[in-house]
Amino acid sequence: MAKHAEVLLPEGSRDAVVLNVGFGLGLVDRFLQERHPREHHIVEAHPDVLAEMKRRGWHDRRGVTVHTGRWQDVMKDLPSGAFDAVFYDTWQETYLELRAFQ
């Protein structure tokens, strides 16, 4: 996950706006935060994951916006072309859903 973050946000990316679809355990998000993006958007649908995110303070972190819901429902509310980097790692999605995301 550290390598993913490094590729998505290389050195000097402090003004970057990053989107992660699927928080899960938050591994990549922790590494993305270490690279200090200007904005860090997270889309998450699972209520247990959202509760754990809240418990760990993700909703209160500076520059982090948590979008609650399935990406299929949330994406229409996000500005088109606003993200410098996108990480997509959702649970139980198939290749067809990934193709729909693109």
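**Close-up views of a predicted model**

**View 1. Phe23 and Trp58, a buried aromatic pair.** Phe23 and Trp58 are both buried. Buried means under 20% relative accessible area, exposed means over 50%, and partly exposed lies in between (1.4 Å probe, protein chains only). This is a predicted model, in which local features need pLDDT of at least 70, side-chain atom pairs count only at pLDDT 80 or more, and totals for chains, interfaces and linings use all residues. Residues are numbered from 1 along each chain as its sequence is written, and side-chain values use heavy atoms, with hydrogens and water left out.

Rings of Phe, Tyr and Trp (its six-membered ring) pair if their centres lie within 6.5 Å; planes under 30 degrees apart count as stacked, over 60 as edge-to-face and the rest as tilted. The count by this rule is two aromatic pairs. Phe23 and Trp58 make an edge-to-face pair, with 5.3 Å centre to centre and 70° between the planes. The pair links distant parts of the chain, 35 residues apart. Phe23 is in the loop between strand E1 (17–21) and helix H2 (27–34); Trp58 is in the loop between helix H3 (47–55) and strand E3 (64–68). Helices (H or I, at least four residues) and strands (E, at least two) are DSSP runs, numbered from the N terminus.

**View 2. Trp71 and Tyr88, an aromatic pair.** The ring centres of Trp71 and Tyr88 are 6.1 Å apart and the planes are at 75°, so the pair is edge-to-face. Trp71 lies in helix H4 (residues 71–74) and Tyr88 in strand E4 (residues 85–88), so the pair ties together parts 17 residues apart in sequence. Trp71 counts as buried because its relative accessibility is 8%.

**View 3. Arginines over rings.** A charge sits over a ring if NZ of Lys or CZ of Arg is within 6 Å of the ring centre and within 35 degrees of the ring normal. Arg61 lies over the face of Trp58, 3.8 Å from the ring centre. The charged end of Arg30 sits over the ring of Phe31, at 4.4 Å from its centre.

**View 4. Val49 beside Phe23.** Val49 is in helix H3. Leaving out residues up to four places away in sequence, Val49 touches Phe23, Gly24 and Glu44. Contact means heavy atoms within 4.5 Å.

**View 5. Salt bridge of Glu11 and Arg35.** A salt bridge is a side-chain nitrogen of Lys or Arg within 4 Å of a carboxyl oxygen of Asp or Glu. By this rule there are seven salt bridges. In the one between Glu11 and Arg35, the closest N and O atoms are 3.4 Å apart. Glu11 lies in the loop between helix H1 (2–8) and E1, and Arg35 in the loop between H2 and strand E2 (39–44), so the pair ties together parts 24 residues apart in sequence. Glu11 counts as exposed, at 71% relative accessibility. Arg35 counts as partly exposed, at 22%.

**View 6. Salt bridge of Glu52 and Arg55.** The closest N and O atoms of this salt bridge are 2.6 Å apart. Glu52 and Arg55 both lie in helix H3, three residues apart, about one turn of the helix. Glu52 is partly exposed, at 30% relative accessible area. Arg55 counts as exposed, at 62% relative accessibility.
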